[in-house]
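Welcome, and please open your viewer so that we can walk through this model together. At each stop you will be told what to select and what to look for there.

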2 protein chains.
Amino acid sequence: MPIVVQKYGGSSLADAESIKRVARRIAETRKAGNDVVVAVSAMGDSTDELVDLAQDVSPVPPPRELDMLMTAGERISMALVAMAIHDLGISARSFTGSQAGVITDEAHGRAKIIDVTPGRITEALGKGHVVIVAGFQGVSQSTKEITTLGRGGTDTTAVALAAALGAQVCEIYTDVDGVFTADPRIVPRARKLDRISAEEMLELAASGSKVLHLRSVEYARRYDIPIHVRSSFTPKEGTIVSDQPGQQGPEGETVEAPIIAGVAHDLSEAKITVVGVPDTTGKAAQIFHAVAAAEINLDMIVQNVSATDTGLTDISFTLPKTDGQTAMEALQSIQEQVGFTGLQYDDQVGKLSLVGAGMRSNPGVSATFFRALADADVNIEMISTSEIRISVITRSELLDEAVRAVHTAFGLDSQDGEAVVYAGTGR
Amino acid sequence: MPIVVQKYGGSSLADAESIKRVARRIAETRKAGNDVVVAVSAMGDSTDELVDLAQDVSPVPPPRELDMLMTAGERISMALVAMAIHDLGISARSFTGSQAGVITDEAHGRAKIIDVTPGRITEALGKGHVVIVAGFQGVSQSTKEITTLGRGGTDTTAVALAAALGAQVCEIYTDVDGVFTADPRIVPRARKLDRISAEEMLELAASGSKVLHLRSVEYARRYDIPIHVRSSFTPKEGTIVSDQPGQQGPEGETVEAPIIAGVAHDLSEAKITVVGVPDTTGKAAQIFHAVAAAEINLDMIVQNVSATDTGLTDISFTLPKTDGQTAMEALQSIQEQVGFTGLQYDDQVGKLSLVGAGMRSNPGVSATFFRALADADVNIEMISTSEIRISVITRSELLDEAVRAVHTAFGLDSQDGEAVVYAGTGR
């Protein structure tokens, strides 16, 4: 029997009614002749409520205990989903991450899955049960401690289970209809993509698209698992994320991949400028060493050309706003040693990224891109590129207009004014 | 280092402030030079909230999944308590019932502990950690499924841990000061007992006293573990429950055990009367077989003397009100076969029990008891006795007055009008 893995996020499991709707969906998949394994997140905002409780008890709770606490959320939702399925006359068994064999490293709060040993799952499937697994959690290999995977963890749980079980597809149910050419809240004429390559999806996720978590896409790509992103609120087909050869179109012809997959935007980054850095060997290395030692991941980096006379240069980089304070403190501590003049912190920046595998063979893409931004009077502060992506930093208040301009310039606007809903996917 | 096991119920863990207070208490015990192992219940009413959620999703949830759901409550409280202790500068580790080695049978919702294998606990104690264990839960020996122990389960977890670890004492923290000679809400002059034998405590718990759960007392008695029942809201000494030889009094003399330990009452039972049963061999057996087949535990049973002419008799028994409907249905189904005339269901009854090990050697106790009830105009409907207990059934509206009359008649009233608080202990 083919195995289908499904993932339901917190917004699809907000209350008893939502849980019953999800149960009906799972029951239909089972009745259609599939073995079904489901990864669930905690209900609605319950994870945030647990974090608030922890904060009330201890300002800096120990990570081991925080993980112990947080995993209660998925335990509640998995049991309720199993009950609701049972109520439809279909047998179901819920398993914690540990019981399901989700083995991780020891990094509490941001553990990585290193193995899945799904013995109890396959045994339960063999007995005809639907299997519900708590997402976002696992057990560490060496210490047997309970761990959590961090934001987006349940997507990763689902993909890892699909890989370990040899599933046909991993269906990620969310509150949007699929992956869009841009965020429909900003671009009302954004179109849902029927298909996108895992490579492109990786770039979109890394560039601010929230629909799938980056690590789950990396995992799916590595193990060649097709992901089907779709809405838990409608029966419509969503978006297939896969590097496997393109499917056949309705008339039997091979569907040609479009040049551009989509436009992503990101308001979660800040820009730090280190002003007046002595333009001598090793100064940049000192700066980036200090930031790296604080475990901060930088995104884009620009070093201005040194002004002829001063012998000084400016170095700018972007980083997550949440790391801003830590980075500033790390830099202040080395100011004397490096000898730079000052620091500027700017959180009014936005990032716009154009993603498409077709860029490789279409040299005109960047010309069209920069022309569209110029015509919309959008000033560009930083640029970075990969083989299939161009990203720019602009003023944050210009970002929406910039996204619309680029979307239109590449012919991505849909011709019908379909109303779509687009929101975060929980974790 | 001596090991102290402590138990905190839901009412002692109602919110972040309560959890911090409990943490300070645990930290003091640790600083006094003890290894400390703590069993915790779920916070406040959170178990009831989880049950409500389950009911919203499925009217008759499968017991396995209900246990999976319910155990989330203790997982939350144990992690929060560990965090709060950590915040006081003392290292703490929380463990689920399964991790702590609480091995049970397979009876979901009412599992019995059959073994405790506390390897991870002793290892953590050896490393200097305070250990917090989720009460009320375990893992089944054969199927490795998560189980719960039923009402009062955390008391039993604490006592079982104390036995397995060879603890010096098991401290049960609750919202009352200890075990009283009667419920102070009914008898304002009830006195706190400094000491009570496990045998007497068993009879009190079986007769309606809520301060300790029956099974935990059975367990403590079997393994000879002293229990110290005390309030988590004051530093005062509570009540020692132990069959071990009485302690020395303040002047060095041995404290003599009083004749009577206390008066318990119970409003949770109903009375069923099977009317007009043919007075021939085997009819009573048919009736009690039907009730036993429905898994109902009867308490007191009375068969009236057969009236000379009719050849018919009445059989009355008491049982938990919660089992009333099931019992009535079981009896209706055998009415034709047994040939009785009818059934009466009466839930306006109350049970009063006098408990004291001194009854054995004091033949005047029952005379004093029945005289006190007669003087208070309390009519007696049923009587049952054990070696150290007399129980009677009366009209429920007479029960409070009856308890006060008996309490006074046995000289149990305290001479000072100390105000006490007395309430349920969670589970």
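A salt bridge here is a side-chain nitrogen of Lys or Arg within 4 Å of a carboxyl oxygen of Asp or Glu. You are looking at a predicted model, where local features need pLDDT of at least 70, side-chain atom pairs count only at pLDDT 80 or more, and totals for chains, interfaces and linings use all residues. Residues are numbered from 1 along each chain as its sequence is written, chains are lettered from A and ligands numbered from 1 in the order in which they are written, and side-chain values use heavy atoms, with hydrogens and water left out.

**First stop: a buried pair**

Select Asp155(A) and Lys7(A), whose side chains meet in a salt bridge with an N to O distance of 2.8 Å. The pair links distant parts of the chain, 148 residues apart: Asp155(A) sits in helix 5 (residues 153–165) of chain A and Lys7(A) in strand 1 (residues 3–8) of chain A. Helices (H or I, at least four residues) and strands (E, at least two) are DSSP runs, numbered from the N terminus. Both residues, Asp155(A) and Lys7(A), are buried; that word means under 20% relative accessible area, while exposed means over 50% and partly exposed lies in between (1.4 Å probe, protein chains only).

**Next: Arg395(A)**

Which residue forms a salt bridge with Arg395(A)? Select Glu381(A): the closest N and O atoms of this pair are 2.6 Å apart. Arg395(A) is partly exposed, at 23% relative accessible area, and Glu381(A) is partly exposed at 26%.

**Over to chain B**

Now pick Arg371(B) and Asp375(B), a salt bridge with its closest N and O atoms 3.4 Å apart. Because they are four residues apart in helix 11 (residues 365–375) of chain B, about one helical turn separates Arg371(B) and Asp375(B). Asp375(B) is exposed, with a relative accessible area of 56%.

**A network, and the total**

Select Arg64(A), Glu65(A), Glu145(A) and Arg120(B) to see a network of salt bridges. How many salt bridges does the structure hold over all chains? The total is 46.

**Last stop: the cysteines**

A search of the whole structure finds zero disulfides over all chains, a disulfide being a pair of cysteine sulfur atoms within 2.5 Å. Select Cys170(A), which is buried at 0% relative accessible area, and then Cys170(B), buried with a relative accessible area of 0%.
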